Amino acid sequence: MTTGNPTSGGAVSFDHLTLDIGSLDDVYVVGDVHGCLEALEALLEALDLGANDLAVFVGDLVRKGPESKAVLDRVRRSSRLVSVRGNNERKLLDGEASLSSLGLVDHRYLESLPTAISWDGGLVVHGGVDPSRPLSAHSREDVLTMRSPDGDGYDGPFWFETYEGPPRVFFGHTVLAEPIEREWAVGLDTGCVYGGDLTAYDVRRKEFVRVSGPDHVDRASEKIVTLDG
Ligand SMILES: [Mn+2]
């Protein structure tokens, strides 16, 4: 793994990790876990990662669910698991939120999480990108929290409805009734902490792998996105 530029044109202003996935076997991108250890373990069992496979998480490993510390430990301790930073990791780092279960080693790990992970043709960020701007005109906060470019709420229109890559953007942050698989956008937060599934996307086979999340809290239905068609 090296750091580099996630696009072929122009530098970006957020930190990122570039992968050469050509040297890997299976590559997966995984949606928001939010402390749901049981769902994470079930998904990892389903993925059955080999020595040369990799799972990239879209961030929000922590908060809302019951086992943030254990989820962080699980991801940190495996070289086959990597994550970008989500807004919930950012809140912990900014002191906007705290989790008493986390120690120094956890905070160092959170600090180490890149804002983006990319490979040739693919970009993993927590939130998304604004279709009206080049990638080079996005800040770290932009790609971490992007939802609706005009307003950032759950009212839409959502960035992924009009975004045309490249790169193909893999994202979480916006809770979806069903995962989104578009040519240029793959949405993976199916709200496992709210009783939905934990979802992974198999980048090579172009298919989803989903497990149900047994541990959940309630969420208002207007904050779960159902797209027509
Ligand atoms: Mn989230």
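A pocket, as I use the word here, is an open set of grid points where a 1.4 Å probe fits, with protein on both sides within 12 Å along at least five of seven lines; its lining residues have an atom within 4 Å of a point. The model I am looking at is predicted.

**Pocket**

I looked up the largest pocket first. I find 19 residues in its lining, and K64, N87, R147, H173 and R219 are the ones nearest the centre. I put its volume down as about 280 Å³. Which helix gives the most to this lining? I noted helix 3, residues 87-94, with four residues.

Next I traced an open sheet of five strands, and I read the order as 4-3-2-10-11 with mixed pairing. I have strand 4 (81-83) and strand 11 (207-212) at the edges, each pairing on one side only. From one strand to the next I get an average twist of 25°.

Inside this sheet I checked strand 2 (residues 27-30) against strand 10 (residues 197-202). The two are antiparallel, with three bridges between them. For V30 I wrote down A200 in strand 10 as the bridge partner.

I then asked what helix 1 lies across. Helix 1, residues 37-47, lies across strand 2, strand 3 (54-57), strand 4, strand 10 and strand 11. I have its direction at about 140° to strand 11.

I found another open sheet, of six strands, in the order 1-5-6-7-9-8, with mixed pairing. Strand 1 (16-18) and strand 8 (180-181) are its edge strands, and each has a pairing on one side only. I followed strand 7 to strand 9 (residues 185-187): they run parallel and are joined by three bridges. I noted A185 of strand 9 as the bridge partner of V169.

The largest has 52 residues, and I list F57, W159 and L198 as touching the most other members. Several elements supply at least two residues each to this core, including strand 2, strand 3, helix 2 (68-76), helix 4 (104-112), strand 7 (168-171) and strand 10. Helix 1 supplies the largest share, six residues.

I also found another core that lies apart from this one; it has 19 residues, among them I21, L24, V27 and V84.

Last, I went back to W159 and looked up its contacts, leaving out residues up to four places away in sequence. I have G127, G128, V129, P131, M146, R147, P149, V169, F171 and A185. Of these, V169 and A185 are the bridge partners I had already noted, and R147 is one of the residues nearest the centre of the largest pocket.

Methods:
Residues numbered from 1 in each chain as written. Predicted model: local features only at pLDDT ≥ 70, side-chain atom pairs only at ≥ 80, totals over all residues. Heavy atoms only, no water. Pairing = 2+ DSSP bridges. Axes fitted to C-alpha atoms, helices over the stretch in contact; angles between N-to-C directions. Contact = heavy atoms within 4.5 Å. Core = buried A, V, L, I, M, F, W, Y, C linked by side-chain atoms within 4.5 Å. Buried < 20%, exposed > 50% of the residue type's maximum accessible area, 1.4 Å probe, protein only. 1 Å grid on protein atoms, 1.4 Å probe; cavity = no way out; pocket = protein on both sides within 12 Å on 5 of 7 lines; lining within 4 Å. Points joined across faces, edges and corners; volume = space filled by probe spheres on them.
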